[in-house]
Amino acid sequence: MDKFTNSAWFMRIVAFALAALLFISINFEMESDKKSLGLSTAPEISTETIENVPVEVYYDRENLVVSGVPETVDVTLKGAKSLLINAKNQRDFKVYVDLSDPAISMGDRTVTFKISELNEKLVATIDPEYAEVNVQERVTKEFSVEAEYNSSLLEEGYTAGQPTVSPKTVKITGAKDAIEQISYVKANLEISKGLNETVNSKATVKALDRDLNKLDVTIEPSSVAVSLKVSIPSKTVSIEPKQTGKAKDGIRITSISVDPKEVTLFGSETSLEKIDEINLPVNISKIDGDTELELDLNKPESVQKMSLGKAQVKIRTEKVDVDEENAEPVVEEEEPETEQKQEEQVVEEKPEPEEEDEAAAIESKTFNDIQIVPVGIRDDQDAELESDVTSITLLGEADDLKKITKDDINLTVDVSNLDEGTHDVDLAVTVPEGVEWELDSKTVSVTITQKDEET
C-alpha cells in the first residue's frame, strides 16, 4: 500500500482530482454570485420593430434616374435586449438599395433592400423585402412656360391682359419617359381674392402630362416672375346740378354752377354706355343768399368707382319782394270781373297754401347702424375703420320716406389711393332720388397697414 501511495501515478491522480474539485467549486460560486445579483448566464433575446427607416439609393445620378424606391421601410431586429435598445436609440445602421453597377440595364427591375453598419449579433428583417424600381436615362430639355390665373376672380368691370413670365423658358430634368410625357409647363398665379389691380408675383412652375397630372421631374428655375396687367374701362361725363326743394320767400335762384364740371367713371363698357351725365341734387330750400357748398356725388350702382366723390356748387341768388313774386299779371287785373273770372282768380290765388302744404310735407327719418364699406383695398394692404357703422338722417316727403329701407342706402369710403398710416376720408353716400341726407360726420378715420409678405 505504501508503495502505491508513494508512486508517481498516485500523486498525478490526486493532483487532477484536486484541480477538478477546485474548478467546480469556483464555477459554482460564480453562478451563485450571478444569481444573487439577478444576473443570468444566457442573454435575454427579444425583438424590436423600428418604423420609417430612411432608404438610401446608390446609382449614377449624373446619367440615370431611378424611381419606385420607397422613401422609408420598417426594420425588425432580433437579439439581446440591450443591443436592441442601443440600435433603436442610435439608429446607426443604414438601409439601402445598390444600383451602382455601371452595367445595370434600363427599365423595370426588382431589387432587394440591404442593411449595413448593424451590430453582427442582431438579426434584421426588412419590410418590404424588395421594391419594383424603374431605371431610366437622365434627360434635360428646355420648355416654354405658360402663365395662367383664375379669370373668375376678376372683379366686375375689370379686364386683364395676357400674363407675361420671366424667364420665358425653363430646363426640366428627369427620366426619359417622363420628359416625353410633358404636355404643359404651367406657372399658376396664386390669387386669393378679387382682382382689381395689376399683379406682379412669383409663381411655381409645374410640368403636367396631357391629363394634367403632375410629373416627377426637376425644374430649373423652379419659379418664375409673372406680371398680369389689370385695368378697368373709363368714361368722362358731365356733372349736372339738379335743383330740388323750393326757395324761401323773398329769395330767387339766379344760377347754379358746379366745379369741376366733369367726373370720370370706371366700370364695365356696357354699364358706361348707358351713362351720359351724373345728376347732382342741390336742395335750395335752406338757401338765404349766395352760397358755396361741397356736395357728395352719388355713384351709380353699375359703376365700380369714380375719379372724385365730391363737387363744389356755387349758388347765386337775388332778393325779391314777396308781393312782387306772387303778383298776378296786369292784364288779368284789368279784365272785367265776371263770375267766371272771379272763379279763375280764386283758383289762381291758391299757390301760397299749396306751398305751405308742400313745406309741411317735408319730414325726416333716421337709420342707425348703416354699414360703411371700404372700396379699392390693395392686395398688399389692410384697411381698418375706426367705426364701420354710422347713422344717417334722410329728409323728404313722408310718402317717399316710408318706402326707403336700409338696403336703399349705400355708404362707402375709397381707400385706393391711401398710403400706410391713418387718414380721415370722406364718406360717399348713395340714397334714392328725391331725398336729402345728413350725417353726424362726413368723414371716417381709416388706418392702412402693410400685409406681411408671404414666405
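Predicted model: local features only at pLDDT ≥ 70, side-chain atom pairs only at ≥ 80, totals over all residues.
## Other salt bridges

The whole structure contains nine salt bridges. One of them joins Lys186 and Glu148 at 3.7 Å, N to O. Lys186 belongs to strand 13 (residues 184-188) and Glu148 to strand 9, so this pair ties together parts 38 residues apart in sequence. Lys186 is buried, with a relative accessible area of 13%, whereas Glu148 is partly exposed at 32%. Through shared partners, salt bridges join Glu146, Glu148 and Lys186 into one network.

Glu117 and Lys94 form another salt bridge, in which the closest N and O atoms are 4.0 Å apart. Glu117 lies in the loop between strand 6 (114-116) and strand 7 (123-127), while Lys94 is in strand 4, so the contact ties together parts 23 residues apart in sequence. Glu117 counts as exposed at 53% relative accessibility; Lys94 counts as partly exposed at 32%.

Five strands make an open sheet of mixed pairing, in the order 9-13-14-16-11. Its edges are strand 9 (146-148) and strand 11, each of which pairs on one side only. From one strand to the next, the twist averages 40°.

Strand 16 (residues 223-228) pairs with strand 14 (residues 199-208) in the antiparallel sense over six bridges. Within this pairing, Ser201 stands opposite Val226 and Lys202 opposite Ala225. Strand 11 (residues 164-166) is also antiparallel to strand 16, over three bridges, and Ser166 has Ala225 as its bridge partner there.

In a regular strand, side chains alternate between the two faces of the sheet.

An open sheet of three strands runs in the order 19-24-22 with antiparallel pairing. Strand 19 (251-259) and strand 22 (291-296) are the edge strands, each pairing on one side only. The twist here averages 30° from one strand to the next. Strand 19 and strand 24 (residues 310-319) are joined by eight bridges in the antiparallel sense, and Asp259 stands opposite Gln312 in strand 24.

## Aromatic pair

The structure holds one aromatic pair. Tyr58 and Tyr96 form it in a tilted arrangement, 5.4 Å centre to centre with 35° between the planes. Tyr58 is in strand 1 (residues 45-58) and Tyr96 in strand 4 (residues 94-98), so that distant parts of the chain, 38 residues apart, are linked. Tyr58 counts as partly exposed at 32% relative accessibility, while Tyr96 is buried, with a relative accessible area of 17%.

## Nonpolar surface patch

Val14, Leu18 and Leu21 form a nonpolar patch on the surface, with about 280 Å² of accessible area together. Val14 is found in helix 2 (residues 8-36) and is partly exposed, with a relative accessible area of 32%.

Methods: Residues numbered from 1 in each chain as written. Heavy atoms only, no water. Pairing = 2+ DSSP bridges. Helix = DSSP H or I, 4+ residues; strand = E, 2+ residues; numbered from the N terminus. Axes fitted to C-alpha atoms, helices over the stretch in contact; angles between N-to-C directions. Patch = residues over 30% accessible without salt bridge, like charges linked within 9 Å, V, L, I, M, F, W, Y side chains within 5 Å. Areas by Shrake-Rupley, 256 points an atom, 1.4 Å probe, with all protein chains shown as cover. Salt bridge = Lys/Arg side-chain N within 4 Å of Asp/Glu carboxyl O. Buried < 20%, exposed > 50% of the residue type's maximum accessible area, 1.4 Å probe, protein only. Phe/Tyr/Trp six-rings, centres within 6.5 Å; stacked < 30°, edge-to-face > 60°.
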